[in-house]
Amino acid sequence: MRNLTVSLTVLTLYAVLATLVFCTMLAETVFLYPNYFHDIPHSLVVGEEFTAAVSVGSVMRPLGAVLTLTAIVATAASLWSRTARAWTVASLVTLVSGLFLLSALYLWERWTILFDERDQHTVEELRRTVREIEVAHSVRIVLGALTAVFAVVAAVRTYRARLLRGLEPAAV
């Protein structure tokens with residue numbers, strides 16, 4: 001029972017964080033992206049001014065790091081209890097591939113082009129970069145949703161297993 005309680009606690013925390021990160025990505029997409037991309041390159045200047053105090057990266061990178069650490073602990077806990085192992089590993093795979101690797105290896109470079117190196121590129125190059133970001137971000141949204149769903153399913157399965165163990169007749 002103790003293994004399930006530890007797993008349930010960690011998996012629930014992970015599910016909540018994964019859902020929070022996914023919802024934050026959706027909010028970022030709905031509220032910021034249209035403002036960033038509606039009139040390239042002028043809207044980039046306005047977007048940069050808007051995010052001068054706190055940028056998206058200032059929030060999402062630390063949040064992503066906390067989520068990744070929590071995912072690793074949740075995966076270890078699920079391996080230990082064996083209740084929702086496959087769902088937790090699937091969630092970790094989508095998290096690492098979609099939210100971390102896609103962002104770090106592909107998207108961060110493109111954001112640098114739009115904001116830090118904007119003056120070194122033509123307007124057409126900036127527009128192409130925006131299209132690349134939109135496609136990659138769509139993939140990231142789908143993988144973020146899968147990460148959250150898999151984490152929630154893992155937590156629910158662990159909760160169910162804990163409930164069912166509590167219903168087993170006690171040994172005499």
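Pro41 sits in the loop between helix 2 and helix 3. Helices are DSSP runs of H or I with at least four residues, strands are runs of E with at least two, and both are numbered from the N terminus. The structure is a predicted model, in which local features need pLDDT of at least 70 and side-chain atom pairs count only at pLDDT 80 or more, while totals for chains, interfaces and linings use all residues. Residues are numbered from 1 along each chain as its sequence is written, and side-chain values use heavy atoms, with hydrogens and water left out.

The peptide bond from Ile40 to Pro41 is cis. Its omega is near 5 degrees. Most peptide bonds are trans. Across the chain, Arg127 belongs to helix 6. The C-alpha atoms of Arg127 and Pro41 are 8.2 Å apart, although 86 residues separate the two along the chain. Arg127 is partly exposed, at 39% relative accessible area. Here buried means under 20%, exposed over 50%, and partly exposed in between (1.4 Å probe, protein chains only).

## Overall fold

The protein chain has six helices and zero strands. The order from the N terminus is α-α-α-α-α-α. With a radius of gyration of 20 Å, well over the 16 Å that the globule rule gives for 172 residues, the chain is more spread out than a compact globule. The radius is taken over C-alpha atoms, and the rule is 2.2 Å times the number of residues to the power 0.38.

Along the principal axes, the C-alpha atoms fill a box of roughly 80 × 25 × 20 Å. Of the 172 residues, 40% count as buried.

## Salt bridges

The count of salt bridges is four. The criterion is a side-chain nitrogen of Lys or Arg within 4 Å of a carboxyl oxygen of Asp or Glu. Arg118 pairs with Glu48, with the closest N and O atoms 2.9 Å apart. This pair links distant parts of the chain, 70 residues apart: Arg118 lies in the loop between helix 5 and helix 6 (123-167), Glu48 in helix 3 (residues 42-50). Arg118 is buried, at 13% relative accessibility. Glu48 is partly exposed, at 31%.

Arg128 bridges to Glu132, with 3.3 Å between the closest N and O atoms. Both lie in helix 6, four residues and so about one helical turn apart. Salt bridges with shared partners join Arg110, Arg128 and Glu132 into one network. Arg128 is partly exposed at 42%, as is Glu132 at 23%. Glu124 and Arg131 form another salt bridge, at 3.3 Å from N to O. Glu124 is partly exposed at 46%. Arg131 is partly exposed at 43%.

## The largest pocket

The largest pocket holds about 700 Å³ of space. A pocket is found on a 1 Å grid over the protein atoms alone, as an open set of points where a 1.4 Å probe fits, with protein on both sides within 12 Å along at least five of seven lines. Points are joined across faces, edges and corners, and the volume is the space filled by probe spheres set on them.

The lining has 28 residues, with Val56, Gly57, Met60, Arg61 and Trp108 nearest the centre. Lining residues have an atom within 4 Å of a point. By type, 15 are nonpolar, eight polar and five charged. Nonpolar covers Ala, Val, Leu, Ile, Met, Phe, Trp, Tyr, Cys and Pro, charged covers Asp, Glu, Lys and Arg, and the others, Gly among them, are polar.
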